[in-house]
Amino acid sequence: MLMNPILAIDGYKVSHREQYPLGTTKVYSNFTPRSDHYFHSPVDDGKLVFFGLQGFLQWFMVDLFNEKFFAAPEEQVVAEYKQLMDSYIGKDSVAIEPIRALHRLGYLPLHIKGLDEGSKVGMKIPVLTITNTRDEFFWLVNYLETVLSAELWKSSTCATIAHHYRKICQRWAERTCSDLSHLDFQCHDFAFRGMSGLHDAAQSGCGHLLSFKGTDSIPAILYARQHYTDSQDYFIAASIPATEHSVMCMGEKNHEIETFRRLIADLYPQGFVSIVSDTWDYWQVLTEYTRELKPLIMSRQGRVVFRPDSGDPVDILCGTGADNSPERTAQEKGSVEVLWEIFGGTINEKGYKVLDPHVGLIYGDSITLERAEEILRRLEAKGFASSNVVFGVGSFTYQYHTRDTFGFAMKATYGEVNGVGRVIFKEPKTDNGLKRSARGLLQVVRDEAGDFQLHDEQTWQQEQEGELKTRFLDGKLYNTDHLETIRQRLVAAL
C-alpha cells in the first residue's frame, strides 16, 4: 500500500509524544519473542528463526519514507496529517510541528540494531533494539511500534515453521535415504492464495525460502531478489509445469486418460510435470491409467508427479491397511505402495525402497507438521524412503498463526529525561510472567554453546558490544546479508 508511512500507526500513537515526561530526550525499545506457548511440533526446540528485518527496513523505512514522505512537498505532507488528525482526534488536538520538523530533517533519526537473520533465537531474547539519534525525535521510537510489529512477526514465524518442516524431512532422510539432494525441494510453498494479500504472500513466503527452494509464490521470489540478493543470476527457487482441476475438467471425465496422455506425451515429453489426479476417481487413475500409460511414462526423460488433493493425506499416501495381505485394496496399500507395485524402483544403500524416477507424488492439501511427521514415519515402517513424497505446504500451515504464536512484543526499557537515564520495565502483578520486560540498556551475547543470552541494565559501552549489530542508522542500511548467507546460517543450525 503506497500510503504516507507517517500514518502507518495505531491511532493512540499520535497522543504519546505529549504524554512522555517533560524533558524526555531518549527512548530505547526492543522487539522480542516472549513465548512459543502456542506453537508445538515434533521438532520444536523452543527457538525462533529470526528473519525479515532487512526487507522491512529497505521497503518501508527507506524506500516508502523517501518516496511518500521526504520527497513529497512539505505542505502536502503536513496538510494530509493535519486533515486526518483533525477529523480523527479533534480539530487542532494533535500538534503538526513534529511532523514538519521530521520532514525538514530529511531522514529518520533512528538507530536500529538486530541479530543476524537466519539465527535461531530462544524466547525472551531481543531480536532488535531501536532508539532515537536526535533528542527532539524521542517520540518516533515507539511511534513506529505498530508497523514494525505487524511487518516482522509473520516473516519470522513462517521462517521458523519452514525450518521445522526441514528438520522433519532431514531427520527421516538421514534415516532412510542414501542421497539427500531432494531435501531442498521436498516442501513446496502453495500458500499464496490463502495469505492476507499480495504483500503478505511475498514477505512471509520469503521465510519459506530460507529452508526450501520450491515455491509457487512468484512474489516471494521477487521480494527475495529485491531485498536479499544483488544479482538476478542467483538461484532462489523453482517450480514445474502443473495442472489444476479446471484443466482436467475441461478435458471431460470420460476422456480423462486422454488428458493424461496429452500432458505426458505431447505437451511435456520430457522433464517434470505434476498432474492433479483426484478430479474424479483418484484410485482409478493410480491403478488403471498408470498401467495403460506406463510405456509412455517409462519412455519419458523426466518424472510424472501424481497429485492427490483430497482426503486424509496420511492414509492417501501410506494406506489404511494394517497387514500385508495380497487382497488389500489400493486404498489400504496407499499411493506409494501402489506405484511401487506398478513401476518398481530400487533399494537404496540403507535398505529402503525408492520409486522409479519416472514417477512421483506430491500432496498439497491440509499438510501440517504433525501429518508430515506421521507420513514419513509410516513410510519408513513400510520400508519406503522419505524421498518418495513431496509436500505442498499451504496457508493451512502458514496462515493459521498470529503475533501470539511466539508472543512478539516491542517494549521500552530505557529512557532519558533532562539528561538523566531511567531504567524502565513492565511487570504486571496480574500476569503470569509472560509480559515481564527486560530492564535498561540491553546486550545480547553468545554463550559457550553458541546460544544467545540477554544481559540487561547495561552501560552504553556494553550496549554497543555483542550480537546486536547496526542495521539502520539515520536513514541508511548497514550490515546487510545476502540470502545465501542467511540460508547457510540456518543450515548450520539444523
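1. Leaving aside residues up to four places away in sequence, His227 touches Gln54, Gly55, Gln58 and Trp59, where contact means heavy atoms within 4.5 Å. His227 belongs to helix α8 (residues 218–228), and His227 is buried with a relative accessible area of 8% (buried means under 20%, with a 1.4 Å probe and protein chains only).

2. Please keep in mind that this is a predicted model, in which local features need pLDDT of at least 70 and side-chain atom pairs count only at pLDDT 80 or more, while totals for chains, interfaces and linings use all residues. Residues are numbered from 1 along each chain as its sequence is written, and side-chain values use heavy atoms, with hydrogens and water left out.

3. Seven strands make up an open sheet with antiparallel pairing, in the order β15-β14-β1-β5-β3-β18-β19 (strands are DSSP runs of E, at least two residues, and helices are runs of H or I, at least four; two strands pair if DSSP finds at least two bridges between them). Because β15 (420–423) and β19 (476–477) each have a single partner strand, one side of each edge strand is left without a neighbour in the sheet.

4. Within this sheet, β1 (residues 24–32) and β14 (residues 409–417) are joined in the antiparallel sense over eight bridges, and Thr32 stands opposite Ala409 in β14. Helix α6 (residues 145–176) packs on the sheet and touches β1, β5 and β14.

5. A further antiparallel pair, β16 (residues 441–446) and β17 (residues 452–458), has five bridges, with Leu454 in β17 as the bridge partner of Val444. Their hairpin has five residues between the strands, and Gly450 there takes a positive phi near 90°.

Conventions
Axes fitted to C-alpha atoms, helices over the stretch in contact; angles between N-to-C directions. Buried < 20%, exposed > 50% of the residue type's maximum accessible area, 1.4 Å probe, protein only.
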